[in-house]
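Me: Hey, I'm new to this one. Can you walk me through its bonds and charges?

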Amino acid sequence: MAAHGQRDWENSAVYQRDKQRSHVPLRSFTSPETALRYFTHGPAAADRERQLSLNSSEWRFQLFDRPESVPGFAEEDFDDSQWPKIEVPGNWECQGHGLPIYTNFQYPWPNTAPFVPEENPTGCYRRWFDVPPGWEGMRLYLHFEGINSAAYVWANGQLLGYSQDSCLPAEFEATHALRPGRNLVTVQVLRFCDGSYLEDQDHWWLSGLHRDVFLLAKPAIHISDFFVRTPLEFSEAGALQSAWLEVDVQLVAPASSDFAPVAVQAELHAVDPTDASRAAPALAPQRVGLKDSDHWVAACASGKPNRAAVGIGGLAQVRVDLLAEGVQPALWSAEAPNLYVLVLSLLGTGGAHIESESCQVGLRRVEVAGRQLRVNGRPILLKGVNRHEHDERRGKAVTEEGMRRDLQLLKQFNFNSVRCAHYPNHPRWYELCNQYGIYLMDEANNETHGFDPGLKHNLLVPANNPEWLACIVDRGARMLERDKNHPSVIIWSVGNESGYGPAHLAMAGYLRCRDSGRPVHYEGGGSRTPATDFVCPMYARVHQLRMLADLPGETRPVILCEYSHAMGNSLGNYKDYFDAFESHPHLQGGFIWDWVDQGLLHWVTDADGRRVEAWAYGGDFGEPVHDAQFCINGLVFPDRTPHPACHECKAVMAPVAFELVSAESGRVRVRVRNKNAFASTAELRLRWRLLLDGLPLPLSCPKATDGYCPASDVDVPAQEAAEVDLPIGAAAVAAAAAAAAGNRAKDAEAFLELRADLAQDELWASAGFAVAEQQLELPRGWLAAAAPQPDARLQNGYANGANGANGAIKQPALRVAHEGDAVVVSGPCVRMQIGKASGCLEAWEVGGRVLLAEPMRPSFFRAPTDNDLGGSNNVSFAVRWKEAGLDCLDVAPGSCSVSAEPQRNGGVRVEASWRLTPHFEAALEVAEFANAGVSEAGGAHWLSEKNSEEPAPPVPPSAPTPDDKQYASGTSHETPLPAQPIHGKEASIGVRVAYTLSPDGGVRADWDLDARAALPAKLAGYLFPSLARVGVHLGLPPQFSAVEWYGRGPHENYSDRKYGAFLRRHAVEHLEQLHTPYIFTGENGGREDVRWVALADKTGSGVAAVSLSGQAMHINISRYTMAALMAAKHDYELKADGHTHLHLDHRHMGVGGDDSWSPSLHREYAVPPARYSFSMLLLPLQPDAGVSAGDAAESAWRQHR
């Protein structure tokens, strides 16, 4: 285990011993038919006679504290009967052995490379198995798809070898060590090794045999590797002019004479794009002899004592001009993943079959030309996301079922590309991506983020140390050799966040020379080094991207390897990025960070004392070194439930867009724009419907489904547009509008809603699935032709918008009384109270029913999101809010005045004014968590902490020495939020409100809030102030839990993330459905552009709120207080206080999302400290009133808009 006294696992020169060289996946099928069936019917259906799976829950396992504590467990007579069993593949920490550790970039031990801690958990595995009969004379290979992080492997007590690199195969020849019948394999896995310094990815540190383990039998003469290329040539007009199939097949035999009768036969089968289980021959079988019978690189010498043990290498080459052979090539792209299956058969004397290998083939060309990334001659837009391999129960031991679920969701939400962050993935992933149609950036397992997190000491990174050169380059070379035949892999990446040095150039050189058909990516060192074929910054702002795309002399396209940090309630202004991508030919998209919240399930006690399973993040397992919730930054929850942000992605990245061309007298023409690079709209079906004030207009049209009418079929070629007239009859629309809205139809809000649905089943969705949905607002007055008819719901009328049982009957006038500290306004069935000391509506009762559980108060704060917490040196929005005391505002002593005056219509007008200042003792407590706004650094991260109007500085061509304002500080622990307001920075807000109280219990509130002094602290020039919200908060009784609203939805949305949320009437049975259970708690559940909202109990009793004067609201309805959301570290810790909390906001700040470690909100989505005026109507909803709560609220809104 050691050489010259240095331990293998602490020696960068020793990264493998006797490990087989890397090659494409090999399976040694016993017939061409079986080789084809593997891909047409799946691995489970293929007869794999020469592959013995060792995946099992029967492995014996024991964990030791360090390698030196391990007994002689590899011997056959070792007694393991007392060892527990463990499942393989799996991570041992996820099966109760040791602790998972999550860190972002800090190593969980002191950085003393190449040395690792003496206390180095070491897992020992033992497994007995039987070698199948009939394998005599075969060469046997013991294959581990992935071992984290270093391992020694034995067979029957004989050491086979040593391996590092957790995410590539470790394969050892075991022919000499195995025998017929019963055999023993033993593996000693070290949790940490010197290779761990190269695997400092932002993910859990998990250990063990986490991918498949199997024994492969190959004939003495066999295929050892093969490389498939498909050179294509296109004319300037894009027509295919030339298409070749080129295959280099490497062979191994005991002696050169054994090659004499050998031939290789290639068969190409075209897979039916509508049924992957069907494939037809696309080419006559091609049989070739050996080109080179002494091709030494085909035979692996690793672990062999002499040349005779190695055998002789050979090379056969297949070269076919497909067009000359009459093949009409179906090209591969993410939009049209047309596949072939190549079957290579090794034939012996008289054509006798020896073995077959197979792979998927996609005919496609990838290049960077004309400052664009092009596939098959056309520029593409990468709609991508970074994806870690993660399973909520199994950690890094992912399953095919989980991979398929990811691919279904990715395609359904219109993603077309994935960055394998930050290591080669499970081999099956690539096969599935070939089939589903996903562009992949395949990334070497090379990240040394913790060496230079602040980007100030680049010479310290291993890439600049010659002792690490070989092991770094080996990781990229082995990745390429394993994955070289996958059409889905269109980009190689030499790693992530590992500085910049000669090792990167060396790896890039190998990748480019070995495979000239794919460009190379690397962001480190400034994102414009010679190691990359793209300008590929991380987290650049939109204005910086435009500058990069216009850099003079640059010949490379701009592709963001990471952007739009999706941490918690995030992904604001995502559409702004795509507006830039689609408007500039050299901006070609990027990869969101990242796909899945990396929470691990564990058992906890929730707020109600129940034992439940919940998702853990860093520190939840008691590990002393961690980076808290920074692993919780995905678009989907760990169980793959989509976050609301996914709907924004789907809408923004939709392949089809609609534009209103004209709309007059019921006639509507729309422009259909096809954003695809290759696919036409022929496989889509366009449908439409009309919405009036949020409800579908019931039109009688043939073949209507779900209220949508079919549009005429239109086949729009890729990157083109066509205009379509919708068959909307003016008379039918007028009649339907009159029936629905009566004499108010002409003033109704009318929207045309269009969608593009799949015309047939796809692998990832069924026919009828909507790939694109969009709302187009129709001009006001478009429905003016509607016949004026009375609206039955409006017959009774609403004196001030409140719905009395008999609104048309005159109600007795209200009385005013001064009772102690309150102004009490009452009538026969009404009682309302305004506090003299608070100015707030403190009590509201109608018909003996209590409608208000907490006073209605102005609100300017929110429970901080991860993005709100982002910003070093106390510049985060959350810090500024807390310093100003926006979380604990109260009436300044002596500032409140209240006056009441009866009105001629029997109502009462109450005017109140006061000043809000912080009440120090009421400051909200903050959860104790380690990382309040963890920072991220590692490459040239374009952190726009400067004023967005300033141009960004050019990216340096080599390793930078950044200044603190432009780049992240690299610290992993930010200053926590202040416990109390800071003297000299306290807020002061003037409040004026006029309540108009009506006899039927309605309350109109006209607010004037002067928040100009709400954030008085001076800011650096690159920052701007923003309040969290400007609005009011009410506490309602808990039984008012059914919610209807007319606004954006149905999912959560905010001002900078609402493109995919449509204006409709929405409803939920219980307000808990409005809560988004982000793992790390904070502001959530908001809905934008709300005209009215109604909350009711089962009888229909409740409260409605209506926005007046054409001003829409932002609403938030929750069982939880802001204090509870701030104090909890996890969603399961939240405890309801028994009230329904209703926020009615005139303005609500966006959520941001460019990153989560600096104030990333865009200025246009801010809520500046200013003076705001707005009005709202609160209505009591009567039980069993014969009209729904939503209809009552809508009618009042119609009267007052």
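Me: What should I know about the model and the numbering?

Reply: This is a predicted model, where local features need pLDDT of at least 70 and side-chain atom pairs count only at pLDDT 80 or more, while totals for chains, interfaces and linings use all residues. Residues are numbered from 1 along each chain as its sequence is written, and side-chain values use heavy atoms, with hydrogens and water left out.

Me: OK, how many disulfides does a search of the whole structure find?

Reply: One disulfide turns up in the whole structure. The term stands for a pair of cysteine sulfur atoms within 2.5 Å.

Me: Which cysteines does the disulfide join?

Reply: It joins cysteine 701 to cysteine 709, with 2.0 Å from S to S. The link of cysteine 701 and cysteine 709 is left-handed, with -85° about the S-S bond.

Me: And is cysteine 709 buried or exposed?

Reply: Cysteine 709 counts as buried, at 2% relative accessibility. Buried means under 20% relative accessible area, exposed means over 50%, and partly exposed is in between (1.4 Å probe, protein chains only).

Me: What about cysteine 433?

Reply: Cysteine 433 is in no disulfide, and the nearest cysteine sulfur, that of cysteine 420, is 6.8 Å away. Cysteine 433 is buried, because its relative accessibility is 0%. Cysteine 840 is in no disulfide either: the nearest cysteine sulfur belongs to cysteine 896, 7.7 Å away. With 2% relative accessibility, cysteine 840 is buried too.

Me: Switching to charges, how many salt bridges does the structure hold?

Reply: There are 79 salt bridges. For each, a side-chain nitrogen of Lys or Arg is within 4 Å of a carboxyl oxygen of Asp or Glu.

Me: Which residue forms a salt bridge with glutamate 355?

Reply: That's lysine 218, and the closest N and O atoms are 2.9 Å apart. Glutamate 355 lies in strand β27 (residues 353-361) and lysine 218 in strand β17 (residues 213-218), so the pair ties together parts that are 137 residues apart in sequence. Helices (H or I, at least four residues) and strands (E, at least two) are DSSP runs, numbered from the N terminus.

Me: Are those two partners buried or exposed?

Reply: Glutamate 355 is buried at 0% relative accessibility, and lysine 218 is buried at 2%.

Me: How about arginine 1119?

Reply: Arginine 1119 forms a salt bridge with glutamate 1072, and the closest N and O atoms are 3.1 Å apart. Arginine 1119 is partly exposed, with a relative accessible area of 30%, and glutamate 1072 counts as partly exposed at 30% relative accessibility.

Me: Which residues do shared partners join into one network?

Reply: Glu659, Arg669, Arg671, Arg673, Glu723 and Asp725 are joined by salt bridges that share partners.

Me: Last topic: where is aspartate 761?

Reply: Aspartate 761 is in the loop between β46 (750-758) and β47 (770-777). Aspartate 761 is exposed, with a relative accessible area of 56%.
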